[in-house]
Amino acid sequence: MSYRIIRNAETGDIVLNKAKWCASFWCHFRGLQLVRDLPEDEGLLFVTGRESLSQATIHMFFMFFSIAVVWLDSEGKVVDKKLAKPWRPAYTPSQPAQYYIEARPGLLDRVKIGDVLRFDEVK
């Protein structure tokens, strides 16, 4: 299991202190379903094979709390962000994305559309 620190590429500010690198089918399948709590500084960083709307669409079934979802293109640029509420059928980014982050809603205050994020591996 691999983790990343997510930073604003321009300022170096930490956006998320610990994000699980989620590239496998099973990690995508499980996501945050049935998770009861998530620390404010942790989340998941989902990796898809290419920029896409369909591969970056999420559902909120079996979720117990609202989350922030931040979608990024292949260069790490934030293309959309939303507050996703439990038991909603689908959230799709407004533009194709290759990466997306799921974390506590406070993440939405730390990023804006157009920011470029980098993923530094936790050593």
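Predicted model: local features only at pLDDT ≥ 70, side-chain atom pairs only at ≥ 80, totals over all residues.
Close-up 1. You'll find Val 69 in strand β4, the run covering residues 67–72. Leaving aside residues up to four places away in sequence, Val 69 touches Ile 58, Asp 80, Lys 81, Lys 82, Ala 84, Tyr 100, Ile 101, Glu 102 and Leu 108. Thr 57 sits 12 residues from Val 69 along the chain, and the C-alpha atoms of the two are separated by 10 Å.

**Close-up 2. Glu 102, buried and without a salt bridge.** Glu 102 belongs to strand β6, which runs over residues 97–103. Glu 102 is buried, yet it has no salt bridge. Val 69 is the residue from the previous view, and its own list of contacts includes Glu 102.

**Close-up 3. The largest pocket and its lining.** Rolling a probe the size of a water molecule over the atoms shows where empty space is left. About 230 Å³ of space lies in the largest pocket. Its lining takes in 16 residues, and those nearest the centre are His 28, Phe 29, Ile 58, His 59 and Glu 102. Sort the lining by type and you get eight nonpolar, six polar and two charged residues. Helix α1 and strand β6 each bring at least two residues to the lining, and α1 gives the largest share, with three.

**Close-up 4. Leu 34, a loop residue with a positive phi.** Leu 34 isn't a glycine, but its phi is positive, at about 65 degrees. Look for Leu 34 in the loop that links α1 (25–30) with β3 (42–52).

**Close-up 5. Phe 62, another loop residue with a positive phi.** Phe 62 is also a residue other than glycine, and its phi is positive, near 65 degrees. Phe 62 lies in the loop between β3 and β4. Is Phe 62 buried, exposed or partly exposed? Its relative accessible area is 41%, so it counts as partly exposed, between the cut-offs of 20% and 50%.

How values were computed. Residues numbered from 1 in each chain as written. Heavy atoms only, no water. Helix = DSSP H or I, 4+ residues; strand = E, 2+ residues; numbered from the N terminus. Buried < 20%, exposed > 50% of the residue type's maximum accessible area, 1.4 Å probe, protein only. 1 Å grid on protein atoms, 1.4 Å probe; cavity = no way out; pocket = protein on both sides within 12 Å on 5 of 7 lines; lining within 4 Å. Points joined across faces, edges and corners; volume = space filled by probe spheres on them. Nonpolar A, V, L, I, M, F, W, Y, C, P; charged D, E, K, R; others polar. Lys, Arg positive; Asp, Glu negative; His and termini not counted. Salt bridge = Lys/Arg side-chain N within 4 Å of Asp/Glu carboxyl O. Contact = heavy atoms within 4.5 Å.
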